[in-house]
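Visitor: I would like a quick tour of this model, pockets and ligand included. Where do we start?

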Amino acid sequence: MGLKDLCAGSMLIGAAVTPGLLQNERYAEIVKNEFSSITCENVMKPESIMDFDATVKSGQTDRVMFDFSEADKVLSFARDNGIKVRAHTLIWHNQTPRWFFTEDWSKAEDAPFVSREKLLKRMENFIKDEMNYFNGAYPGLIYCWDVLNEFIEPDNNHPHGCRVRKNNWFSILGEDEPRYAFTFARRYAAPGQKLFYNDYNEYEQPKRDFILSTLRPLLKDGLVDGMGLQSHLLPDYPGMDEYRRAISDYAAEGLSLQITELDIKSLSESEADDELLARRYREVFEAAIGGGVESLTLWGVTDAQSWLSKPDRPAYPLLFDRAGKEKKAYYAVREILSK
Ligand code: G3I
């Protein structure tokens, strides 16, 4: 029995994967045995699927062309193994090429941006074409979309907490960016697919309040369904009271909740740190189950592939070690899910 079987019926449990990881037999086995949901760690992001050459060649000025071949490797694996997909991510300031925003798709550093009207056409076509492709090729596979990612950044000192720096979407659309993103996504999503706002440090104030005040009007108009709690945590931060409080604050608004990118940045695998990690995972899973979280995704499968592991500074943030062996944290999670 895998983790997915222990929480079947109450919560989906997932992992972020890459096409490379799925080629490794041991890692692919873990994914098949343990998880009921998959997120593409990078290959569904705009920069991975937008095809510059094909776009220029098409002669179109308001429609980007795609190359879905890497994403297809992950989605066909999911389909063939009965695993659902969290689609990550449509509108994001990061990992979206600058040429998407420029006149004539220019890659010149100082190329001028298109008008607001033109960007809205590009945005609508981008969301429509991507959703239509995946929903057509994999009917019923994707259960939710991260429509807007990391739009709130209190450090940018905008009165409503908007991310104004290094955000080409915002430079052209301003504060209307979220409403347009969710309006188009709702228009083209398949029936039953939930639309999410996804962010990190989601438990901190004032970020939490800025997120809620951005989502409230969208929720009222039926455009957003849920809050994606990324949950890139440290072993001792945030405190569990703060984390639980965030879960209940978002839930109180009527948002569906998913933990979308859980990892806990442990920098040693000593006995004591391994133990601490297990305790922390136990608490987070308890908070998730107690808080009605409907899907929980780990940001990676083993410590080896985690984005937190650098060549000169390994990290140990996940449930499986570098060899793909279950860690104490894995057994702690099993215990909570078995209750
Ligand atoms: O694709 C290029 C490749 O062509 C090149 O040779 C290589 C050399 O460094 O870089 C490759 O791009 C890397 C990309 O991942 C794909 O592997 C980027 O350098 C690297 O920065 C990028 O990192 C990803 C990061 O998002 C980008 O912001 C991480 O793998 C991914 O785990 C991380 O995920 C994000 C979520 O999407 C949103 N929330 C935060 C989370 C963690 O940062």
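Guide: This is a predicted model.

Visitor: Which element gives the largest share of the lining of the second largest pocket?

Guide: Residues that line this pocket include Phe151, His160, Arg179, Ser213 and Leu218. Two elements give two or more residues to the lining: α9 (177–188) and α10 (207–220). The largest share is 4 residues, and the element that gives it is α10.

Visitor: How do the residues of that lining divide into nonpolar, polar and charged?

Guide: Phe151, Cys162, Pro178, Pro217 and Leu218 are among the lining residues. The division is 5 nonpolar, 3 polar and 2 charged.

Visitor: How much space lies in the largest pocket, and which residues are closest to its centre?

Guide: About 340 Å³ of space lies in the largest pocket. Its lining has 18 residues. The closest to the centre are Tyr200, Gln230, His232, Glu261 and Trp307.

Visitor: Which strands each supply at least two residues of the lining of the largest pocket?

Guide: By class, this lining has 7 nonpolar, 6 polar and 5 charged residues. The strands that each supply at least two of the lining residues are β3 (84–92) and β7 (232–233).

Visitor: Now the ligand. Which residues are closest to the ligand?

Guide: The shell around the ligand divides into 3 nonpolar, 7 polar and 4 charged residues. In total, 14 residues surround the ligand. The closest are Glu41, Lys45, His88, Glu150 and Glu261.

Visitor: Which side chain has a polar atom 3.0 Å from a nitrogen atom of the ligand?

Guide: Asparagine 94 has a polar side-chain atom 3.2 Å from a ligand oxygen atom. Tryptophan 299 places a polar side-chain atom 3.0 Å from an oxygen atom of the ligand. For the nitrogen atom, the side chain at 3.0 Å belongs to glutamine 230.

Visitor: What percentage of the ligand's accessible area does the protein cover?

Guide: On its own, the ligand has 790 Å² of accessible area.

Visitor: Why does the radius of gyration of the chain agree with a compact globule?

Guide: The protein chain has 13 helices and 9 strands. Its C-alpha atoms fill a box of roughly 55 × 45 × 45 Å along the principal axes. With 339 residues, a compact globule would have a radius of gyration near 20 Å, so the chain agrees, at 20 Å.

Key
Residues are numbered from 1 along each chain as its sequence is written. This is a predicted model: local features need pLDDT of at least 70, side-chain atom pairs count only at pLDDT 80 or more; totals for chains, interfaces and linings use all residues. Side-chain values use heavy atoms; hydrogens and water are left out. On a 1 Å grid over the protein atoms alone, a cavity is a set of points where a 1.4 Å probe fits but cannot get out, and a pocket is an open set with protein on both sides within 12 Å along at least five of seven lines; lining residues have an atom within 4 Å of a point. Grid points are joined across faces, edges and corners, and a volume is the space filled by probe spheres set on the points. Ala, Val, Leu, Ile, Met, Phe, Trp, Tyr, Cys and Pro count as nonpolar, Asp, Glu, Lys and Arg as charged, and the others, Gly among them, as polar. A residue is near a molecule or strand if one of its heavy atoms lies within 4 Å of it. A polar contact is a pair of N or O atoms within 3.5 Å; within protein, one must be able to donate a hydrogen and the other to accept it, and residues adjacent in sequence count only if both atoms are side-chain atoms. Accessible areas come from the Shrake-Rupley method with a 1.4 Å probe; for residues, only the protein chains shown count as cover. The radius of gyration is taken over C-alpha atoms; the globule rule is 2.2 Å times the number of residues to the power 0.38.
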